[in-house]
Each structure stands twice: as structure tokens, then as C-alpha cells.
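This briefing is for a reader who is meeting the structure for the first time. Please look over the sequence and the model, then read on.

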Amino acid sequence: DQLSWEHAKFGGGAFTQALYLGLHDGEADQTLVADRRVDNDELGVYVRRKVRNLVSEIAHEIKEKYPKLYAGREVTQTPVNNFQALEPFALTLLPESR
């Protein structure tokens, strides 16, 4: 019973954008010394934080566009609580070939 908003700023939804930025742009590499690898724990932490931030960036636009729907309510994201892979994984980030 949750609504999901796609936004032109993201080219889709906030969750998809967070995954893209975390993996493609390597933003999920959260080790103290960036090791150019993203594992499932790093990605889970990053996605939870990034989705919350992305939704807060567009919340005012959604409230303006749908005032009746959000009268007296805040625009929030569905919590991304259980970001678990069936098997642990790690992805090595490679530089883009030109």
C-alpha cells in the first residue's frame, strides 16, 4: 500500500538511483581507505542513507504536486531495512574505458 515516485532528476526512483550511484559511481565504497570494492554490507548501509537523502531532496515537489494526498503528512521513503544478499558478495570497481 505504498506509493513509489519516479522523478526526472533520478531517471527513475530513489532506490534505483541509490543503487546506480553506489555501484556505478563507486559511492558505496565506504572503507576508511577506499579499496575500490563494494561488498553487500557497504552497499546496504549506503543505499539506506542515500534513499533517505534523495527522497528529502524532492519531498517539497511531491507535496506541491499532490497537496490533497499529503495534507498534514510528510513525504517519507519506505525504510530499506533488510538489504541482505543470499550470499555475501564483493564487486571490484573498474575504471571506465575510454
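Is Q17 buried or exposed, and what is its relative accessible area? Q17 is buried, because its relative accessible area is 16%, where buried means under 20%, exposed over 50% and partly exposed in between (1.4 Å probe, protein chains only). The model is predicted: local features need pLDDT of at least 70, side-chain atom pairs count only at pLDDT 80 or more, and totals for chains, interfaces and linings use all residues. Residues are numbered from 1 along each chain as its sequence is written, and side-chain values use heavy atoms, with hydrogens and water left out.

**Overall make-up**

- The protein has two helices and four strands, and they follow the pattern β-β-α-β-α-β along the sequence. Helices (H or I, at least four residues) and strands (E, at least two) are DSSP runs, numbered from the N terminus.
- Of the 98 residues of the protein, 32% count as buried.
- The protein exposes about 7300 Å², of which carbon and sulfur atoms supply 52%; accessible areas come from the Shrake-Rupley method with a 1.4 Å probe, and for residues only the protein chains shown count as cover.
- Among contacts with a separation of 6 or more, 64% are between residues 24 or more positions apart. Contact means heavy atoms within 4.5 Å.

**Helix α1 and Q17**

- Helix α1 covers residues 14–23, and its buried residues are A14, Q17, A18, L21 and G22. These buried residues fall within an arc of 130° seen down the axis of α1, so they line one face of the helix; the arc is that of the directions from the helix axis to the C-beta atoms.
- An α-helix has 3.6 residues a turn, so residues three or four places apart point the same way.
- The cover over the buried residues of α1 includes β2 (12–13), β3 (37–39) and α2 (40–65).
- Leaving aside residues up to four places away in sequence, Q17 touches F10 and L54.

**Nonpolar core**

- The largest nonpolar core has 17 residues, and A14, V47, V51 and V75 touch the most other members. The elements that give two or more residues to this core are α1 and α2, and α2 gives the most, with nine residues.
- A nonpolar core is a set of buried Ala, Val, Leu, Ile, Met, Phe, Trp, Tyr and Cys residues joined through side-chain atoms within 4.5 Å.

**Salt bridges**

- The structure holds two salt bridges, each a side-chain nitrogen of Lys or Arg within 4 Å of a carboxyl oxygen of Asp or Glu.
- In one, the side chains of E57 and K9 meet at 2.7 Å, N to O. This pair links distant parts of the chain, with E57 in helix α2 and K9 in the loop between β1 and β2, 48 residues apart. E57 is partly exposed, at 35% relative accessibility.
- In the other, the side chains of E27 and K50 meet at 3.9 Å, N to O. E27 is in the loop between α1 and β3 and K50 is in helix α2, 23 residues apart. E27 is partly exposed, at 33% relative accessibility.

**Two further residues**

- E6 is in strand β1 (residues 6–7) and counts as exposed, at 67% relative accessibility. Not counting residues up to four places away in sequence, E6 touches G12 and G13. E6 and Q17 are 11 residues apart in sequence and 9.9 Å apart in space, C-alpha to C-alpha.
- R73 is in the loop between α2 and β4 (90–92) and is partly exposed, with a relative accessible area of 44%. R73 and K63 are 10 residues apart in sequence and 8.9 Å apart in space, C-alpha to C-alpha.
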